[in-house]
Amino acid sequence: MTQHHWRKLVNGLMFSVTAACALAAVCVLFWILGFLLWNGGSALNFDFFTQLPKPPGELGGGMANAIIGSAQIVLIAAVIGIPIGFLGGIYLAEFGTGAFPFFVRYTADLLNGVPSIVMGIFAYAMVVRPLHQFSALAGGVALSVILIPTTIRTTEQFLRAVPLMLREGALALGASKWKSIATIVVPAAIRGVATGMILGIARIAGESAPLLFTSFGNQYWSRSLSHPTASLPVMIFTYAISPYADWHRQAWAAGLVLLVVMLVLNIGARVVLAPGASHRT
Amino acid sequence: MGTLERFTLAGPPAAIPGSTARGIAPKLKISRLNFFYGAYQALHDVDLAIAANRITALIGPSGCGKSTFLRVLNRMYETVRGARVSGEVLLDGEDAVAMDVAQLRRRVGMVFQKPNPFPKSIFENVAYGLRVNRTRAKVRLNEAVEHSLKRAALWDEVKDKLHKSAYAISGGQQQRLCIARALAVDPEVLLLDEPSSALDPIATAKIEELLFHLKDNCTIVIVTHNMQQAARIADDTGFFLLGKLIEFDKTEKIFKTPAKKETEDYITGRFG
């Protein structure tokens with residue numbers, strides 16, 4: 001075998017192996033999607049989105065309260081987490097040299113690695129205990145603690161990717177530093193920053209562990225943000241460990257809804273912020 | 001030779017560079033300028049007087065400090081941590097180092113090596129400096145944008161697509177857009193840091209032509225790697241080597257009868 005043939009062989013082999021692995025990674029998503037459709041598709045009807053859960057043993061009912069509850073909790077988390085993460089990210093990217101920013105960056109990375117249930121314990125101690133009440137608020141706080149470090153780091157990374165020459169261009173025209181950040185740097189990075197935020201929100205929307213002992217759960221509509229509130233991930237957990245076949249189907253259906261919401265958020269992030277929607281950077 | 005004749009014919013009555021012998025105060029006067037990046041000294045005792053309404057070229061091999069020198073004039077070096085300057089820079093007799101930096105940069109505009117239009121429309125690029133300076137009136141902005149684009153010889157090429165992205169035009173046009181952007185705030189001095197090094201010869205010729213007309217209203221300082229460019233467009237030329245200003249004189253003098261051996265070696269291509 002000549003060296004030329006050998007090289008072609010190795011080349012072909014490596015191509016096949018890497019392509020197969022890439023395909024396997026993608027297949028998992030479609031596998032899960034198919035699995036959820038197969039098991040939960042039949043429970044996914046109009047009632048699922050509009051009805052309250054039925055008592056155990058009764059067929060039918062839905063998860064309307066959990067869908068709204070999840071939305072409330074995620075919204076609270078976003079209202080707390082996005083501004084802190086975004087502004088903190090700007091600080092790290094634009095003023096981030098020295099000991100304190102290093103400390104912040106390191107802490108954010110550590111927080112990113114902390115198991116989400118620990119965030120739940122934290123929110124339990126900080127919010128549930130003082131108020132003597134499980135609540136959507138507590139769930140939102142727990143999720144925001146997960147959201148902040150990811151937002152801070154993705155914001156920082158995308159701002160850093162804005163070329164120095166754009167900043168210099170603005171400064172050379174007499175713009176102040178904050179003006180150049182607000183009018184040039186952030187707009188140039190906004191696609192990436194917003195995508196990061198949406199992905200962060202999609203991630204916390206699927207968290208169940210931190211909600212178990214913060215927002216807890218509720219078979220009915222929650223009376224207010226300071227009362228126990230149902231959420232889709234916790235509902236999946238509760239229904240999946242129950243002994244009722246109908247609840248199992250609804251748990252699958254809830255999983256399907258969560259996955260579709262995430263896909264929509266992900267694809268939405270890409271479409272809305274696609275090149276052409278704004279100026280290319 | 002023809003190109004050398006052009007500036008002597010077209011140029012204003014020549015002040016003797018580096019002096020005020022004829023009573024014309026220099027636009028920029030730099031004295032005993034030393035510049036440091038941390039412990040590294042990038043400029044050594046530079047003395048230079050830049051005359052108004054002339055094109056001054058700074059030449060020299062890479063790393064000789066000519067770009068650093070340019071960035072002292074509008075204090076762009078301040079974005080670099082550990083950068084430190086000593087000595088005096090006077091703009092019309094005013095201390096540029098003590099001046100409000102935004103004020104200084106409005107008076108001393110800059111064009112960079114690579115075209116760096118903002119990711120905005122052509123109109124918004126030119127209007128940016130005005131908006132930063134709190135010009136909001138639509139009529140004022142429209143006028144200023146048109147005027148600046150005309151001064152930068154770009155108006156005819158972009159007047160129908162002012163609201164298209166600045167990335168939709170060619171590299172040469174982008175660089176002229178950056179010049180228009182700098183001109184919009186009506187600077188007294190325009191600094192150009194190798195403005196045509198990323199452009200083809202035709203785009204380069206357009207920029208040189210443009211600079212030639214601009215000097216009527218503006219003092220131009222240009223850093224260039226291209227000695228032919230300096231010879232073509234500059235009234236005065238300074239030669240930097242290893243952080244020192246070796247020689248500064250009328251361009252014709254520098255290229256024909258340089259006083260220093262180092263200048264002659266560089267001009268004739270013996271190094272650099």
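**Ground rules.** I am working from a predicted model, in which local features need pLDDT of at least 70 and side-chain atom pairs count only at pLDDT 80 or more, while totals for chains, interfaces and linings use all residues. Residues are numbered from 1 along each chain as its sequence is written, and chains are lettered from A and ligands numbered from 1 in the order in which they are written.

**Chain A, overall.** I looked up the secondary structure, taking helices (H or I, at least four residues) and strands (E, at least two) as DSSP runs numbered from the N terminus, and found 11 helices and zero strands in chain A. I noted that the C-alpha trace of chain A spans about 70 × 65 × 35 Å along its principal axes. For burial I called a residue buried if 20 or more other C-beta atoms lie within 10 Å of its own, exposed if 12 or fewer, and partly exposed in between, with C-beta atoms placed from the backbone; on that basis 40% of the 281 residues in chain A are buried. I counted two residues as in contact if their C-beta atoms, placed from the backbone, lie within 7 Å, and of the contacts in chain A with a separation of 6 or more, 74% join residues 24 or more positions apart.

**Domains of chain A.** I took the bounds from an automatic or database domain assignment, which divides chain A into domain 1 (3-43) and domain 2 (46-272). Taken over C-alpha atoms, the centres of these two domains of chain A are separated by 30 Å. I found seven residues of domain 1 of chain A in contact with eight residues of domain 2 of chain A.

**Helix α8 of chain A.**

**Contact between the chains.** I recorded 18 residues from chain A and 23 residues from chain B in the contact. On the chain A side, α7 (164-172) and α8 (177-205) each supply at least two residues, and α7(A) gives the most, with six residues.

**Sheet in chain B.** I counted strands as paired if DSSP finds at least two bridges between them, and found four strands of chain B forming an open antiparallel sheet in the order β2-β1-β4-β5. In chain B, β2 (40-50) and β5 (94-95) stand at the edges with a single partner strand each, so one side of each is left without a neighbour in the sheet. Strand β1 (residues 28-37) of chain B pairs with β2(B) over seven bridges and with β4 (residues 83-91) of chain B over eight bridges. I followed B:Leu28, which stands opposite B:Ile50 in β2(B) and opposite B:Leu91 in β4(B); B:Lys29 has B:Ala49 in β2(B) as its bridge partner. In the hairpin of β1(B) and β2(B), with two residues between the strands, B:Gly38 takes a positive phi near 60 degrees.
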